[in-house]
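The following exercises are to be worked with the sequence and the three-dimensional structure at hand. Each task is followed by a stepwise solution.

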Amino acid sequence: MPPLSGRQTQFYIDVVYGVAFSLGFGYLLVFGMDARVAALQGGLVLGYFLRVWENMSIYEQILEEQVAQAAETKVAAEVDDQVSGAVADEVETHVEDHVEEHVDDRVQERVEEEVDDTVQRRVEEEVEEHIEDADPRQSDVVGDPSA
């Protein structure tokens, strides 16, 4: 038999006191009908049963708290396992689609901007090179609208 500890010890002590008080009260009722001693013993027995009732209420409350805490821990672990996997899958799916869509849009815009800038810059450079390479008389004609 395992050694008694905590609540078990208290329970057995309460049982022993209850049996002793009840036997004493029964003995007084049957053999020694002194009213004062019987009243005292009756008060002790009533007080004892009220104490046992209080202890049982406290034990019940402690057990409910322990069960609730264990259930909460188990539910939290289960939710964490289920939700973390589901969330990771959803995030991976949606983020990948969203990022891909966003990157495609941004790349398209950026390519268009770069192409426009590059084409405009290259056209200006080639026009300037063409003007410089052209005949100086023509550059005067082109540069002077009154001629």
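**Exercise 1.** Is tyrosine 48 buried or exposed?

*Solution.* The model is predicted, so local features require pLDDT of at least 70 and side-chain atom pairs count only at pLDDT 80 or more, whereas totals for chains, interfaces and linings use all residues. Residues are numbered from 1 along each chain as its sequence is written, and side-chain values use heavy atoms, with hydrogens and water left out.

Step 1. Apply the cut-offs: buried means under 20% relative accessible area, exposed over 50%, and partly exposed in between (1.4 Å probe, protein chains only).
Step 2. Tyrosine 48 has a relative accessible area of 11% and is therefore buried.
Step 3. For context, 6% of the 147 residues of the protein chain count as buried.

**Exercise 2.** Determine how the rings of tyrosine 48 and phenylalanine 49 are arranged.

*Solution.* 
Step 1. Rings of Phe, Tyr and Trp (its six-membered ring) pair if their centres lie within 6.5 Å; planes under 30 degrees apart count as stacked, over 60 as edge-to-face and the rest as tilted.
Step 2. One aromatic pair is found in the whole structure. Its members are tyrosine 48 and phenylalanine 49, with ring centres 5.3 Å apart and planes at 65°, so the arrangement is edge-to-face.
Step 3. Phenylalanine 49 is partly exposed, at a relative accessible area of 45%.

**Exercise 3.** State how many helices and strands the protein chain has.

*Solution.* 
Step 1. Helices (H or I, at least four residues) and strands (E, at least two) are DSSP runs, numbered from the N terminus.
Step 2. The protein chain contains three helices and zero strands, giving the pattern α-α-α along the sequence.
Step 3. Helix 2 spans residues 35–133 and includes aspartate 105.
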